[in-house]
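User: I'm new to this one and would like to learn how to read its features. Could you walk me through a few?

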Amino acid sequence: MQKYHPDVPFERYADDAICHCESEAQALLLRQELERRLAECKLALHPEKTKIVYCKQANRPVDYPIYQFDFLGHTFRPRSVMNRMGKLCVGFTPAVSNKAARAMRQGMRRKGLLRRYDLGLDDLADRTRPILRGWIEYYGRFTRSALVQVLRWVDMALMRWAQRKYKSLSRRPARAWAWLSGVKCRQPGLFAHWRLEAALGR
């Protein structure tokens, strides 16, 4: 890239890379040259990951079959954003990907923290705080509102935890949700993701 395509900016992490081309023709040519170069090294482009994506936004209104991609746990695609003038427009921005969201849920389930009925709510908050903070610091750097939507399943898990722990809330999801909402109002900083919600006014 540095020798033959110094005009094409690119980012790389391990064996994943993104190349920023100015046109589809340039992208097709670059893909052919990358395929040839990798073949010389007895390597190949990933058949599913390798794609040409059109970064559609307000000043790029052309239609194209592929207009989003995943990279490092984020999905880059057109989204509503606020421009410098304070008006909503379409921008091409990243947010936590669906694949990353599934991995987050599965990881929390494997740890079993939200099924620790022997713990109190404060203990549960202490044990989940490092995990939730890690997610927020990484996935919350861009489009935090999307991460808030993903983390709402934590509240649903907490509601189920309360139903299992307290007999008065068993089989009463509405009452359990009201109980959890009350805790959130009284202690908005108890769980790490509640702080994120409060910061965004959710």
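User: What covers the buried residues of α5?

Analyst: Two ideas first: buried means under 20% relative accessible area, exposed over 50%, and partly exposed in between, using a 1.4 Å probe and protein chains only. Contact means heavy atoms within 4.5 Å. Here, the cover over the buried residues of α5 includes α3 (121–139), α4 and α6 (192–200). Bear in mind that this is a predicted model, where local features need pLDDT of at least 70, side-chain atom pairs count only at pLDDT 80 or more, and totals for chains, interfaces and linings use all residues. Residues are numbered from 1 along each chain as its sequence is written, and side-chain values use heavy atoms, leaving out hydrogens and water.

User: Which residues of α5 are buried?

Analyst: In α5, the buried ones are A176, L180, G182 and V183. Looking down the axis of α5, these buried residues fall within an arc of 155 degrees, so they line one face of the helix; the arc is that of the directions from the helix axis to the C-beta atoms. On the face turned away from the buried side of α5 sit the exposed residues A174 and C185.

User: What span should helix α5 have?

Analyst: The expected span is 1.5 Å times one less than the number of residues. With 14 residues (173–186), α5 should span 20 Å, and its end C-alpha atoms are 20 Å apart, which agrees.

User: And what about α6: which of its residues are buried?

Analyst: A192, H193, W194, L196 and E197 are buried in α6. Their cover includes α3, α4 and α5.

User: Is Q163 buried or exposed?

Analyst: Q163, found in helix α4, is buried, with a relative accessible area of 16%. Setting aside neighbours within four places in sequence, Q163 is in contact with L169, S170, R171, R172, P173 and A176.

User: R171 is on that list. What is its phi?

Analyst: The background is that most residues other than glycine have a negative phi. R171 has a positive value, near 60 degrees. R171 lies in the loop between α4 and α5, and at 80% relative accessibility R171 counts as exposed. L72 also has a positive phi, about 55 degrees, although L72 is not a glycine. L72 sits in the loop between β3 (69–71) and β4 and is partly exposed, with a relative accessible area of 33%.

User: Last one: what lines the second largest pocket?

Analyst: On a 1 Å grid over the protein atoms alone, a pocket is an open set of points where a 1.4 Å probe fits, with protein on both sides within 12 Å along at least five of seven lines; lining residues have an atom within 4 Å of a point. Here the lining includes M108, R109, W153 and R164. Helix α4 gives the most to this lining, with five residues. The volume of the second largest pocket is about 240 Å³, meaning the space filled by probe spheres set on the points, with grid points joined across faces, edges and corners.

Notes
Helices (H or I, at least four residues) and strands (E, at least two) are DSSP runs, numbered from the N terminus.
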